[in-house]
Amino acid sequence: MGQIWLHIGSPKTGTTSLQGFLNDNQDRLRADGTVNFVEAGRTHIAHNQLAAAARMGESDKLFDAIQREADTMPDAKHVVTSELLFNPHTTRKLTQVVPDSMKDRTKVICYVRRQDSYLEALYKQFLKNNRIDPDRQAFLADSRKLVRYYDVANAYARAFGAENIILRPFGPKTLIGGDVVLDFADQLGIEISPGMKLQKDFANKTFSAEMSETLATMGEHTDFNVREVIRELIAIDHPGTIKSRDVFTRSERRELMEIMAAENQKLVKRFMPDHEAFFSAQDLQGDGKTAQDEKAEQLQDRAAATEAMFKAIGNLQRRRKQEAELVAEDAPAPEPANELEQEFTPPSWYREIYPAGERDGWFRKFGDYSCSFVERSRDQLVVSFDNLSQAGNEAYQREPWAQKFCEDRAFSHLGIYAQTPTWFRNADLIDQLEKLRDDGFFRGFQKVAFVGTSMGAFGALTFSSLAPGCTVVAFSPQTTLDEAEVPWENRFGKGRAADWSLPYSDAALETGTASKIYLIYDQFHEGDRKHVDRLQGKNLIHLKGPGIGHKSALVLNRMDALKPIMEDGVKGQLDPSDFYKTIRARKDIYLYRQAMEGYLKERGQDARLQRFANAFKKRRRLQNAG
């Protein structure tokens, strides 16, 4: 009977590095017969499905599958890992339903940080992902419930026995070899041998609190891509912007550890008797920095963060200007409309369906979402969804995505508008679309296509199940922002904060009835590729464009290729070989250069990056000379 090791986190303790090690070496470990990285319930590198199933009270089948897999290798240790299992609510749910047969064969391992260090790391992470406002004291007051480690450990002890709970102190001085991967390998008896891939955790640099807060403010109030700015800041490496132990004052940290002292004593006595000094706050006592010193240091850090941010944004703006110069169209810019014309000219779709218009149609609005429909023929209906750049557009002349494309081809068009970037998580919108299905709206057309890019591609994929047999054209698609399903997704902060308990929240569950699904994406873009990897089915047609980045539709448009590719896709006639011939022209687009240089830089291939940049410039010079 194979032994099961349940790794439950906690967050910010090198979990991704640990999971990456298991994933990278799973075949070798399995062949050695020592460790099996359990496949049941695992998506990519984590078993977050178990946490989700436990919360929903639907974990029985998953527990059975894990145990059956463990039985196939009775002499091995079988690892299940998800830091979501450290959540107090999930802990309570899971420990109440775990089967007795699993209790007798399971060990639980968890890494913990000292609470003041843990909340600092969490604060900076939440800021980076735009999940909280920059307010240290409010965060500290609201987050104390997250550091009651004893309650979580005790719940698992009641289910599996205290002797089967392993709590390890997380820190470079307390872990074996100073690394969580080496420590975890030692706990499981894994011998690290030559050829194994190791992912170090403590190599990551941490921005100062002031830099993290500046990033959060920039992400909230500008259209700059936060991850792009972060990469630029790392490249600049401005003095004073990389720092730790700077979120809370010494007195705030001391007060927190004093509050947690009694609970930590119980935790150490029952689960960590060999690490009595781990939660000691002696370093926070005595003569340290005065409040005045801390204030002066904070002002210095703020000045450094401001200067670094100006430099980073200046660099990015220069690149945008260079891009605009390189990709500017030859055609003269249109004459600007006068203010009255801009204010009172209705959108083009309304001019078709207003009382004297030549088309039938309608417009419906519910909160932050709207739908407009123009009937131009019964042969082809296109259903389009707004992308992030359109969300919040307050223009009177508001057009749905692909409006002109559909109008020029006399395609009937149902446009879905979003005024907030909450990824169509709106009960009234969902009710409206389901009512259209139930009323036979989609069946009234010979062909139906769902289209969109990024957030819009999520909508197209997810709601395609409303019209079985439809075609989907999805540019840079995302599948869900539900953290239980994609815990690695740290983009789209406002979208992740939306209500993902509503129906149609996971495209991976909704694409089975479409006839053809064209997935147009850059396989080098890790975030987009991970979403595409979640999709399964024989109806998927992968159209990969290395270097088109996340803005795939924009790059294709710069090549004058977006409309022909869209048209063939809508009709279900997009041939992969034609697609690949068409996108060869991407090598003339500056956005392609930006994307490829970014990938090479991320991989540390500086020499190759320089050769690529030189080749791109040479190609442009030859074109201009011709």
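Start in a loop. Glu-489 sits between strand E11 (471-475) and helix H20 (493-496). Helices (H or I, at least four residues) and strands (E, at least two) are DSSP runs, numbered from the N terminus. This is a predicted model, in which local features need pLDDT of at least 70 and side-chain atom pairs count only at pLDDT 80 or more, while totals for chains, interfaces and linings use all residues. Residues are numbered from 1 along each chain as its sequence is written, and side-chain values use heavy atoms, with hydrogens and water left out.

Is Glu-489 buried or exposed? Glu-489 is buried, because its relative accessible area is 5%. Buried means under 20% relative accessible area, exposed means over 50%, and partly exposed lies in between (1.4 Å probe, protein chains only). The side chain of Glu-489 makes a polar contact of 2.8 Å with the side chain of His-531. A polar contact is a pair of N or O atoms within 3.5 Å; within protein, one must be able to donate a hydrogen and the other to accept it, and residues adjacent in sequence count only if both atoms are side-chain atoms. Leaving out residues up to four places away in sequence, Glu-489 touches Gln-478, Leu-481, Arg-496 and His-531. Contact here means heavy atoms within 4.5 Å.

Ser-476 has a positive phi of about 45°, although it is not a glycine. Most residues other than glycine have a negative phi, and most peptide bonds are trans. Ser-476 counts as buried because its relative accessibility is 0%.

Now compare Asp-560. This residue lies in the loop between helix H22 (552-558) and helix H23 (562-570). Asp-560 is not a glycine, yet its phi is positive, about 60°. Asp-560 counts as exposed, because its relative accessibility is 64%.

Go back towards the start of the chain. Ser-10 is in the loop between strand E1 (3-7) and H1. The peptide bond from Gly-9 to Ser-10 is cis, with omega near 0°.

Next come pairs of helices. Two packed helices are described by the angle between their axes and the distance between the axes. Axes are lines fitted to C-alpha atoms, for helices over the stretch in contact, and angles run from 0 to 180 degrees between N-to-C directions.

Take helix H1 (residues 15-24) and helix H10 (residues 180-188). Their axes come within 9 Å and cross at roughly 60°. H1 is therefore oblique to H10. Angles under 35 degrees count as roughly parallel, over 145 as roughly antiparallel, 65 to 115 as roughly perpendicular and the rest as oblique. H1 passes H10 in a right-handed crossing. A crossing is left-handed if the near helix is turned anticlockwise from the far one by less than a right angle, and right-handed if clockwise. Ser-17, Leu-18, Phe-21 and Leu-22 of H1 meet Val-180, Val-181 and Phe-184 of H10. By class, the contact of H1 with H10 has six nonpolar, one polar and no charged residues. Ala, Val, Leu, Ile, Met, Phe, Trp, Tyr, Cys and Pro count as nonpolar, Asp, Glu, Lys and Arg as charged, and the others, Gly among them, as polar.

How do helix H7 (residues 115-128) and H11 cross, and at what angle? Their axes come within 8 Å, and the angle is roughly 25°. H7 is therefore roughly parallel to H11. The crossing of H7 and H11 is left-handed. H7 brings Tyr-123, Lys-124 and Leu-127, and H11 brings Ala-209, Ser-212, Glu-213 and Ala-216. The contact of H7 with H11 divides into four nonpolar, one polar and two charged residues.

Helix H11 (residues 209-221) also packs with helix H12 (residues 226-236), at an angle of about 145° and with the axes 10 Å apart. H11 passes H12 in a right-handed crossing.

Finish with helix H3 (residues 48-56). Its buried residues are Asn-48, Leu-50, Ala-51, Ala-52, Ala-53 and Ala-54. The buried residues of H3 pack against E1, helix H4 (60-71), strand E3 (77-81) and helix H5 (88-97). After H3 comes Gly-57, whose phi is positive, near 70°.
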